[in-house]
Amino acid sequence: MKRVVVVGASGSIGRQTLEVARARRDRIRVVGLAALRDDAFLVEAARAFDVAALAFADAEAARRAEARLRSLGQGDVRVEGGPGAVARLAAWPEADLVVSAAWGAAGLEATLAALEAGHDVALANKESLVVGGELVVRLARARGARLLPVDSEHSAAFQLWQGRAHEMRRLWLTASGGPFHGRPRQELEQARPAEALRPPTWRMGARITVDSATLFNKGLEVIEAHWLFGLPYEAIEVVVHPESRVHAIAELKDGSFLAHVGPPDMRLPIQYALSWPERWEPAVEPEPPTGWGALRFQPVDREAFPALDLCYEAGRRGGTAPAALNAAKEEAVLAFLAGRIPLGEVVRTAEEALRRVAWRPATREALLLADAEARALARERIARCEGYARGEEGARP
Ligand code: MG
């Protein structure tokens, strides 16, 4: 029996993790759930899974959850809220494994807390490695804790890698390409949420769907792969594969290629991270090769999708560069989803932060500082853009 804490439990990956846990009650016991503020969902899940502890980043949500549980006669569930509450649950000694699935750079704190406590981490929060790769990898090694990738491409690569690291030459990450693949750059530039959120091959939250449309998501995954597999950036490639059935391809020393194939369903990589080193019965109905259809592989149009090379650049610069790029991107994605800026502006906002936020070596303090500076810069630029769109004099960014 694995005792599991799920951080980011109300998000898309969190909910799919609970689906896997529900089907595997014989192997998984969910002992703790954490979220930003969705108290209604967490109280429901706490009852369904007989969970012992809840944590919320938002103190008000914790108070609501506590009151509701008490009124249901379940006042014995431990509830904590406010700064540090989620990290404390991630470090809880009652857990064996923590699923780190919060959104964005905010997920780093829980990942570090879990590793610090010596827990294995099923990592869905790619920003933990994008922002804090150096710290996270060092801490995992020092504590003898495992990082088990949940991101589908990295789960695939992890499965291709095991026992074969010395034979590897290059890793190919696949990208669905999003709704703007093969379209003129202008369409992405001016896109509004309705165009960027067209249903992709994967079931994902809105923010990651936007990141998939710009290829920021793939760029962040390149940095994630760099840290997970210790690969230089020259050895990580991206290929567009619209069918999303091949998740990663390992290029071997002798020129042969191994591909990992599966349906585009996150429950598969989630289950593998939970079951490792075992492999359990299928989480979803297996699809025989006769059902795969044609599989296409195409180069990325790097002119139309500059976000990918911005991520390579930030990754190569290291230090606080990826933190600055990512923080500005997060602010811009929220502004985009609120209808304040077009999609092309998300990429330019992130680029401006990469160019202007001072580079520092990656210490905990420097990462927080770069994050804050990049967000301030992004907010200022977003406000300028809105001003320009309203026709204000001299507001052009
Ligand atoms: Mg992915």
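D211 is buried, with a relative accessible area of 3% (buried means under 20%, exposed over 50%, partly exposed in between; 1.4 Å probe, protein chains only). K329 is buried as well, at 0%. The side chains of D211 and K329 meet in a salt bridge, with 2.7 Å from N to O. A salt bridge here is a side-chain nitrogen of Lys or Arg within 4 Å of a carboxyl oxygen of Asp or Glu. The model is predicted: local features need pLDDT of at least 70, side-chain atom pairs count only at pLDDT 80 or more, and totals for chains, interfaces and linings use all residues. Residues are numbered from 1 along each chain as its sequence is written, and side-chain values use heavy atoms, without hydrogens or water.

The protein is divided into domain 1 (2-149), domain 2 (154-265) and domain 3 (318-389), with bounds from an automatic or database domain assignment. The centres of domain 2 and domain 3, taken over C-alpha atoms, are 23 Å apart. In domain 2, 18 residues are in contact with 18 residues of domain 3 (heavy atoms within 4.5 Å). Together, domain 2 and domain 3 bury about 1400 Å², 75% of it on carbon and sulfur atoms. Buried area is the accessible area (1.4 Å probe) that two parts lose on being put together, summed over both. E189, R192 and F216 supply 36% of the area that domain 2 buries against domain 3, more than any other three residues.

Two salt bridges are counted between domain 2 and domain 3. Helices 8 (185-190), 9 (193-196), 10 (206-214) and 11 (216-229) each supply at least two residues of the side of domain 2 that touches domain 3. Helices are DSSP runs (H or I, at least four residues), as are strands (E, at least two), numbered from the N terminus. Helix 10 gives the most to this side, with six residues.

The salt-bridge count comes to 42. R3 pairs with E94, the closest N and O atoms being 3.9 Å apart. R3 lies in strand 1 (residues 2-7) and E94 in the loop between helix 4 (85-90) and strand 5 (97-100), so the pair ties together parts 91 residues apart in sequence. R3 is partly exposed at 31% relative accessibility, and E94 is partly exposed at 41%.

R355 forms a salt bridge with E313, with the closest N and O atoms 2.7 Å apart. R355 lies in helix 15 (residues 343-356) and E313 in helix 13 (residues 306-317), so this pair ties together parts 42 residues apart in sequence. Salt bridges that share partners also join R185, E189, E345, R348, E352, R356, E380, R381 and R384 into one network.
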